[in-house]
Amino acid sequence: RKNAVITAVGGYVPDTILSNHDLEKMVDTNNEWIVARTGIKERRIVNDPNIATSDMATYALKRLMEEGNVDPDEIDCVIVSTSTPDYVMVSTGSMVCEKAGLKNAWGIDTNAACSGFLYALTLGSSMIESGRCKKVVVIGADKNSSIINYADRNTCILFGDGAGAVLLEQTEEPVGLMDSYFRTDGSGKENLIVTAGGSKFPASQQTLDDKLHYVRQDGRVVFKAAIQGMTDTCNKVLKSNDLESSQINYLIPHQANLRIIQSVGDYLGLSEDQVKVNIDRYGNTTAATIPLCLWDFKDDFKYGDKLMLTAFGAGFSWGATYLKW
Ligand code: ACO
């Protein structure tokens with residue numbers, strides 16, 4: 001089998017910083033509580049009504065093309081994973097292809113909330129492995145500030161905006177995406193959901209009055225399920241690839257809560273410097289957390305390093321992906 005390998009990475013976060021001290025002025029919370037319970041010090045927020053998810057995704061892709069010296073005409077496909085698309089109808093992928101000037105690519109969206117980037121990475125890799133496409137861009141992008149109620153302290157402290165992009169190409173070398181294991185369980189929807197705006201509860205005065213267009217979460221349920229789900233799927237992937245966790249160089253976990261990240265790292269027996277963390281600066285950027293970590297820490301990874309990527313999110317959806325850099 002020919003593998004799909006990541007050959008370029010790009011990232012984007014908005015300039016505007018929303019610090020814990022800013023949030024202290026908006027809801028009944030404090031910096032110490034947020035840092036101790038989540039590890040988040042600040043997050044980035046889009047501060048321009050003209051900037052949508054596709055714009056952030058395009059900025060990340062343009063950075064990828066510049067730094068990776070990628071010819072836009074050679075990109076075959078763009079998969080955008082997001083739960084905050086620009087529009088209900090018209091894919092964000094389509095907008096990105098237009099805004100980034102990709103003449104020969106087609107664009108689509110996938111949505112698996114915080115697990116979305118990993119799912120999209122496996123879809124994109126399959127298209128490369130099959131030979132159907134030569135260059136596939138996978139983007140995780142979310143403008144969470146568009147679905148957060150900044151009067152709800154249970155959620156507004158957690159989320160930020162951002163986008164990350166990777167380019168996948170075929171390789172004959174023994175590197176690239178090696179394996180994935182994913183799960184979904186729709187019964188988890190009651191614990192983490194944006195209820196309205198889709199076909200089940202179309203937007204109406206009632207859904208607006210009931211604040212059903214915002215993220216609603218039972219944090220404690222999600223917290224426990226996230227640690228369990230991420231640890232289980234990492235172990236499953238390790239086992240099916242005859243690997244011990246000690247052979248993994250780096251864990252790239254979805255950045256939802258530092259305590260979740262540390263627990264998963266501890267269960268896998270990894271040291272602190274093996275577990276990549278940027279939640280302190282960006283908060284939870286949903287589908288963007290993992291590609292933003294790849295972007296932030298790419299200079300630490302050497303050719304052939306073994307990376308375990310793992311995520312948990314709304315759905316519930318969760319899983320792990322093993323790749324050699
Ligand atoms: N500031 C101060 N106090 C607060 C805040 C706040 N922002 N929020 C809650 N509290 C209070 C609570 O009211 C509660 O008070 P009480 O004991 O008097 O009832 C107390 O702090 C403890 O609340 P918990 O909810 O038990 O706090 P916990 O330690 O669980 O932290 C958190 C809450 C941060 C939300 C955590 O549960 C969490 O991170 N959950 C997982 C989030 C996640 O992984 N989401 C999935 C990905 S997101 C996606 O897919 C889109």
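Where in the chain is the place of N69? Here are some friendly notes on that and other points.

1. **The model and its numbering.** This is a predicted model, in which local features need pLDDT of at least 70, side-chain atom pairs count only at pLDDT 80 or more, and totals for chains, interfaces and linings use all residues. Residues are numbered from 1 along each chain as its sequence is written.

2. **N69.** To take up the opening question, N69 sits in the loop between α3 (53-67) and β4 (77-81). Helices (H or I, at least four residues) and strands (E, at least two) are DSSP runs, numbered from the N terminus. Although N69 is not a glycine, its phi is positive, at about 55 degrees. N69 is exposed because 7 other C-beta atoms lie within 10 Å. For the cut-offs, a residue is buried if 20 or more other C-beta atoms lie within 10 Å of its own, exposed if 12 or fewer, and partly exposed in between, with C-beta atoms placed from the backbone.

3. **D242.** D242 belongs to the loop between α8 (219-240) and β11 (250-253). It has 7 C-beta neighbours inside 10 Å and therefore counts as exposed.

4. **A cis peptide bond.** Please look at the bond from G315 to F316, which is cis, with omega near -10 degrees. F316 lies in the loop between β12 (306-313) and β13 (317-324).

5. **Helix α9.** Which residues are buried in helix α9 (residues 258-267)? They are I260, I261, V264 and G265. These residues cover an arc of only 130 degrees around the axis, so they are on the same side of α9; the arc is that of the directions from the helix axis to the C-beta atoms. The buried residues of α9 pack against α8, β11 and β12. After α9 comes G269, with a positive phi near 75 degrees.

6. **Two domains.** The domain assignment gives domain 1 (3-174) and domain 2 (177-186 + 218-324); such bounds come from an automatic or database domain assignment. Between the C-alpha centres of domain 1 and domain 2 there are 17 Å. In all, 41 residues of domain 1 are in contact with 36 residues of domain 2, where contact puts the C-beta atoms of two residues, placed from the backbone, within 7 Å. On the side of domain 1 that touches domain 2, the elements giving two or more residues are β1 (3-12), β3 (42-44), α5 (116-129), β6 (135-143) and β7 (161-171). The largest share of that side, seven residues, comes from α5.

7. **The record.** UniProt, in an unreviewed entry, places the feature "domain: Beta-ketoacyl-[acyl-carrier-protein] synthase III C-terminal" at residues 238-325. UniProt positions are given in the numbering used here, feature names are shortened, and annotations may be inferred rather than shown by experiment. Over residues 238-325 the chain is 30% helix and 23% strand, with 16 Å between the end C-alpha atoms.

8. **The whole protein.** The protein has eleven helices and 13 strands. Of its 325 residues, 50% count as buried. Among contacts with a separation of 6 or more, 77% come from residues 24 or more positions apart. Along the principal axes, the C-alpha atoms fill a box of roughly 55 × 45 × 35 Å.
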